[in-house]
Amino acid sequence: MGQRTGIEVSIAAADAVGLCDVDVVAAYPITPQTHVVEHLSELVAEGHLDAEFVPVESEHSAMSVCCGSSAAGARTFTATSSQGLALMAEIVFIAASMRLPIVMFEANRALSAPLSIWNDHSDTMMVRDSGWVQVFCQNGQEVYDAMFHAFRVAEDPKVSLPVMVNVDGFTLTHVIEPIELWTKEMVKQYLPPLKPLYRLHPDKVVSMGAFGMPEIYAEQKMAHHVALANSTPTIIKGWDELAMLTGRKYSPVETYKAEGADTLILAMGSICQTASIAVDHLREQGKKVGLVNLRLWRPLPVDELRKILAPAKDVVVLDRSVSLGASIAPVTSEIRALMYHEPQRPKIHCTIAGLGGRDVTPEDVVNMVTSALSETNYDCHFYGIRG
């Protein structure tokens with residue numbers, strides 16, 4: 001087992017990418033992901049990492065470079081956040097449709113306007129249907145481990161899809177946490193050499209990303225959809241083998257005190273740790289409340305969620321973004337849809353909180369649950385709005 005060290009989460013993530021022996025890093029700095037690519041540039045400049053570091057002129061260019069390097073068979077990494085992801089979005093969809101195994105560190109940050117550098121999930125929700133595997137992390141150790149897992153999943157021939165690791169900006173990216181580091185030997189044991197499923201090579205000329213006539217477009221989208229849905233076993237296998245190596249077990253959906261709970265809080269990312277404290281407070285008050293941490297956002301673990309949620313009377317979804325003009329927020333809409341035809345289904349409440357980095361305390365989560373359970377109107381409720 002590696003050494004346990006107090007380290008900034010962004011630096012630890014960059015070190016993990018370095019241990020994965022990436023070939024190409026293409027990125028443009030944007031708060032709060034900058035520390036990741038800054039540290040990778042240092043590793044390259046100081047000779048600790050034999051890779052091409054490409055300091056591009058924009059995030060659109062960053063993902064374009066990543067597509068080219070990945071298509072040529074190079075292990076490829078990038079990072080972005082918020083408006084950077086918005087500028088990159090055109091190529092984000094292309095990367096997934098071309099089945100390129102790129103790994104991206106996404107420092108979750110609110111979208112403008114108004115300008116905000118703080119955390120919520122509006123940026124990643126913007127590209128939720130881009131066809132990437134997407135995971136959310138709740139602490140620094142998960143972020144560090146997720147980098148190795150992301151390359152393992154993306155590059156598996158059964159998957160060959162890009163992976164986005166979602167990390168709450170500032171809440172996680174800039175904090176120092178105790179993290180158990182991997183050794184090079186552990187990485188070699190866990191992450192095999194990259195053997196691209198598809199590759200541009202002058203000795204075997206192929207076309208990638210070509211024009212799709214109406215006669216083939218729908219079939220390509222169906223194939224992409226099936227490939228993403230079928231990636232779940234490989235994702236779970238990667239987590240199982242990570243557990244054998246480190247002793248840390250991850251799963252698509254994680255629960256806390258959910259057994260026999262009448263009310264379940266469902267959330268993603270670092271707010272889950274805050275919500276777990278709220279669960280303890282509510283349990284002390286004699287209320288049967290548990291927590292559901294949705295780690296795997298895409299592909300959505302539908303069957304597992306249905307099994308966990310069905311016995312509850314109420315599910316309070318803590319959404320960190322707004323679906324403007326709709327009656328409910330993005331995560332809630334997914335949960336309601338997957339439970340709609342279930343013979344036994346709970347009331348599903350939508351609470352929007354923490355937008356633009358507004359602080360959410362355990363007491364706030366207790367108040368959210370109390371308020372949600374008293375509601376008769378289950379449309380989205382903005383928590384803590386002044387005026």
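View 1. The residues lining the second largest pocket divide into nine nonpolar, two polar and seven charged, where Ala, Val, Leu, Ile, Met, Phe, Trp, Tyr, Cys and Pro count as nonpolar, Asp, Glu, Lys and Arg as charged, and the others, Gly among them, as polar. The model is predicted, so local features need pLDDT of at least 70 and side-chain atom pairs count only at pLDDT 80 or more, while totals for chains, interfaces and linings use all residues. Residues are numbered from 1 along each chain as its sequence is written, and side-chain values use heavy atoms, with hydrogens and water left out. A pocket is an open set of points, on a 1 Å grid over the protein atoms alone, where a 1.4 Å probe fits, with protein on both sides within 12 Å along at least five of seven lines, and its lining residues have an atom within 4 Å of a point. This one holds about 440 Å³ of space, a volume being the space filled by probe spheres set on the points, which are joined across faces, edges and corners. Of its 18 lining residues, G18, L19, C20, D21 and V187 lie nearest the centre. The elements giving two or more residues to this lining are α1 (9–19) and α7 (184–190), helices being DSSP runs of H or I with at least four residues, numbered from the N terminus.

**View 2. The largest pocket.** About 680 Å³ of space lies in the largest pocket. Its lining comprises 21 residues, of which S97, M98, M208, G209 and A210 are the closest to its centre. Two or more residues each come from α4 (82–97) and α8 (214–229). By class, this lining has ten nonpolar, six polar and five charged residues.

**View 3. The packing of α1 with α2.** Helix α2 (residues 34–45) packs with α1 at an angle of about 45°, their axes 8 Å apart, where axes are lines fitted to C-alpha atoms over the stretch in contact and angles run from 0 to 180 degrees between N-to-C directions. In α1, S10, I11, A14, D15, V17 and G18 meet H35, V36, H39, L40 and L43 of α2, contact meaning heavy atoms within 4.5 Å. These contact residues divide into six nonpolar, four polar and one charged.
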